[in-house]
Amino acid sequence: MQLTRRQLAWLLAGPLSARPQPETQRESAEELIAAARERIRRNAEALAKVRIPVETEPAFQFRAS
Amino acid sequence: MAALPEDIFFAGIRELNSRLVKREFSAVELTRAFLDRLEKLGPRYNALALSLRDLALRQARRADDEIQRRRLRGPLQGIPFGAKDLLSVAGTPTTWGARPYANQVLDYTATVLRKLERVGAVLIGKLAMIELAGGGGYRWASASLQGPCLNPWDTSRWAGGSSSGSGAAVAAGLVCFALGSETWGSITTPAAYCGVTGLRPTYGLVSRYGAMALSWTMDKIGPLARSAEDCGLILQVISGGDSMDPSSAGKSFYYAPQFARPLKELRVGFAPVDFDEWAEPAARPDFHKALDVLRSLGLRFREVRLPDFPYSAVAGLIIDTEGAAAFEELITSGKVEQLADARQIAGLKAGLEVSARDYLRAMRIRRMIQQELRKLLADVDILVSPARFGPASKISEPLDRSRSSAPRPKDRGLADLGAAGNLAGLPALILPCGFADSLPIAIQLVGRPFSENTLLAVGREFQRVTDWHRRRPPALPAA
């Protein structure tokens with residue numbers, strides 16, 4: 001089978017060489033958990049700034065059946 | 001029979017079905033050709049989770065038998081397709097893209113797959129996805145059992161997620177269409193990055209029975225396909241009430257763009273800042289051309305902006321909470337450590353700690369968002385914005401790396417339409433609209449709940465006068 005240079009490059013650039021070496025591996029599990037908690041805390045903080053009218057119900061439904 | 005021509009792999013549903021009905025080739029021949037291509041090229045893109053050759057050939061033989069007897073079941077009869085590997089097929093592995101579930105075999109089949117089987121569509125494979133559809137928040141494209149899904153337009157780029165394999169497989173002509181799912185961006189992103197048409201249906205229109213749950217209040221299943229027309233044909237089959245899905249809206253969908261309101265009567269809301277500042281510079285010219293095309297179709301434009309809410313924070317908190325609850329057993333058992341993405345592991349664990357107060361606050365704000373978007377969509381029929389602000393990111397870069405050194409625009413425009421639309425359960429149609437750095441880009445049309453026919457009518461006209469959806473990746477090797 002004859003390959004063009006483009007096809008050869010495509011084959012060489014296969015999945016293994018495309019796999020990154022994650023930087024996150026350098027972070028400890030504790031640091032990642034702390035970062036995740038901080039992200040959730042920031043989200044909750046953003047939500048706390050919204051004034052919610054008292055009559056507002058949550059956006060889910062329960063139907064008796 | 002001689003090998004089928006390459007064009008077959010990029011043909012739309014109606015064309016393929018018409019040629020099947022005319023007996024130019026059989027469903028078995030078509031299915032074999034797609035299977036060979038999927039099995040050969042799918043792994044090169046990390047797009048294939050599981051080939052379903054035996055099942056597919058059984059379904060194809062049935063389609064041939066029925067076509068021979070003129071028992072015609074509609075345009076999807078005999079059409080090979082793929083499904084994101086979060087949809088269960090009884091008796092075959094369903095991995096949810098995640099190592100802890102690599103050997104999972106469920107004993108039920110997803111409603112959407114049953115519906116497609118009923119009209120004669122042929123399921124040829126399960127397609128790769130980001131593990132657990134991204135629950136917990138992933139940082140790398142490699143967060144998948146198959147590794148990073150490579151973009152057929154440029155294999156140094158990501159196919160998008162979490163319906164990664166669905167986007168890549170359609171773009172590379174490995175399937176005629178695919179099913180994906182979206183909680184927040186998981187149909188939109190791969191459709192935009194891979195240059196295919198995607199449809200995120202209204203929440204509740206399509207049954208999720210048999211699909212992995214990430215967020216019970218936000219998950220939707222929808223098609224990625226060659227055109228708006230094909231998305232309409234698929235949605236007509238997979239929509240409808242289902243007593244097995246508590247979120248089912250009990251509504252059906254009949255694809256009838258011919259009965260949609262004339263385009264000249266439609267009002268489109270857009271925010272110039274989305275196209276002038278939020279969009280990456282390389283993408284701006286083609287985004288502007290897309291707006292010009294929509295104007296040329298007679299649509300009337302009006303400037304709008306989203307009401308001021310912390311959309312991303314609300315969506316993030318809801319998905320974190322529901323996702324952690326859905327995978328509580330995985331997390332507490334410690335098997336969560338088998339996931340590929342360290343950030344995702346941490347995100348899932350932290351999600352278990354969200355307070356009920358914060359979750360309920362998010363869900364109450366979500367109700368306010370829904371009400372405000374209803375008002376916005378009373379003034380306009382459709383919102384249009386870039387589906388993503390730029391083309392696919394590099395596989396080698398973390399997904400949270402900012403690609404622009406420019407300061408964030410002060411005007412939010414419709415920049416949060418992805419989060420807002422998903423929170424409000426609104427439908428979205430993703431239309432390829434050009435290229436940036438030789439990679440596809442797309443716009444999204446977002447409409448009122450259950451307005452899919454309006455979106456599809458606009459999409460069909462857009463694709464009648466453009467050919468972006470017909471473009472093919474340039475460097476595809478022959479199968």
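A residue is called buried here if 20 or more other C-beta atoms lie within 10 Å of its own. By that cut-off, R226(B) counts as buried in this predicted model, because 23 C-beta neighbours fall inside 10 Å. The loop that holds R226(B) runs between strand 8 (220–225) and helix 7 (228–238) of chain B. Leaving aside residues up to four places away in sequence, R226(B) touches G12(B), V196(B), T197(B) and H469(B). Another residue, Y255(B), is 29 residues from R226(B) in sequence, and the two are 16 Å apart in space, C-alpha to C-alpha.

Chain A has a simple layout to begin with. It contains three helices and zero strands, so its elements, read from the N terminus on, run α-α-α. Of the 65 residues in chain A, 11% are buried.

Helix 3 (residues 29–48) of chain A packs against helices of chain B. In general, two packed helices are described by the angle between their axes and the distance between the axes. For helix 3 of chain A and helix 12 (residues 342–351) of chain B, the angle is about 55 degrees and the axes are 8 Å apart. That angle makes helix 3 of chain A oblique to helix 12 of chain B, and their crossing is right-handed. On the chain A side, the contact is made by A29(A), L32(A), I33(A), A35(A), A36(A), R37(A) and I40(A). Helix 12 of chain B contributes A342(B), R343(B), A346(B), G347(B), K349(B) and A350(B).

Helix 3 of chain A also packs with helix 10 of chain B, at an angle of about 125 degrees and with the axes 9 Å apart. These two helices are therefore oblique to each other, and this crossing is left-handed. Here I40(A), N43(A), A44(A), A46(A) and L47(A) meet A313(B), V314(B), G316(B), L317(B) and D320(B). In the segment after helix 3 of chain A comes V50(A). This residue is partly exposed, with 17 other C-beta atoms within 10 Å. Apart from residues up to four places away in sequence, V50(A) touches F309(B), P310(B) and I365(B).

The next topic is the nonpolar interior. In soluble globular proteins, nonpolar side chains tend to be buried together. The largest nonpolar core in this model has 175 residues, and those with the most contacts inside it are V175(B) and V314(B). Helix 10 (residues 311–326) of chain B gives the most to this core, with nine residues. Among the residues that V314(B) touches, not counting those up to four places away in sequence, is L47(A) of chain A.

Within chain B, helix 2 (residues 27–41) has 15 residues and reaches 21 Å from its first C-alpha to its last, close to the 21 Å expected at 1.5 Å a residue. Its buried residues are A27(B), L30(B), T31(B), R32(B), F34(B), L35(B), R37(B), L38(B) and L41(B). What covers them includes helix 1 (13–21), helix 3 (53–68) and helix 5 (164–171) of chain B. The cover also includes strand 1 (48–51), strand 2 (80–84) and strand 3 (122–127) of chain B.

Helix 2 and helix 3 of chain B pack at an angle of about 155 degrees, with their axes 8 Å apart. The two helices are therefore roughly antiparallel to each other. Helix 2 of chain B brings A27(B), V28(B), T31(B) and L35(B) to the contact. From helix 3 of chain B come R53(B), A56(B), L57(B), A60(B), R61(B), A63(B), D64(B) and I67(B). The crossing of this pair is right-handed.

Some backbone details deserve a look as well. Most residues other than glycine have a negative phi, and most peptide bonds are trans. The peptide bond from G161(B) to S162(B), however, is cis, with omega near 10 degrees. S162(B) sits in the loop between strand 5 (154–158) and helix 5 of chain B. D437(B) is not a glycine, yet it has a positive phi of about 55 degrees. It belongs to the loop between strand 12 (428–436) and strand 13 (439–447) of chain B, and it is partly exposed, with 13 other C-beta atoms within 10 Å. F450(B), although not a glycine, has a positive phi of about 65 degrees. This residue lies in the loop between strand 13 and helix 15 (452–465) of chain B. With 18 C-beta neighbours inside 10 Å, F450(B) counts as partly exposed.

Methods: Residues are numbered from 1 along each chain as its sequence is written. Chains are lettered from A and ligands numbered from 1 in the order in which they are written. This is a predicted model: local features need pLDDT of at least 70, side-chain atom pairs count only at pLDDT 80 or more; totals for chains, interfaces and linings use all residues. Helices (H or I, at least four residues) and strands (E, at least two) are DSSP runs, numbered from the N terminus. The expected span of a helix is 1.5 Å times one less than its number of residues. A residue is buried if 20 or more other C-beta atoms lie within 10 Å of its own, exposed if 12 or fewer, and partly exposed in between; C-beta atoms are placed from the backbone. Two residues are in contact if their C-beta atoms, placed from the backbone, lie within 7 Å. A nonpolar core is a set of buried Ala, Val, Leu, Ile, Met, Phe, Trp, Tyr and Cys residues joined through C-beta atoms within 7 Å. Axes are lines fitted to C-alpha atoms, for helices over the stretch in contact, and angles run from 0 to 180 degrees between N-to-C directions. Angles under 35 degrees count as roughly parallel, over 145 as roughly antiparallel, 65 to 115 as roughly perpendicular and the rest as oblique. A crossing is left-handed if the near helix is turned anticlockwise from the far one by less than a right angle, and right-handed if clockwise.
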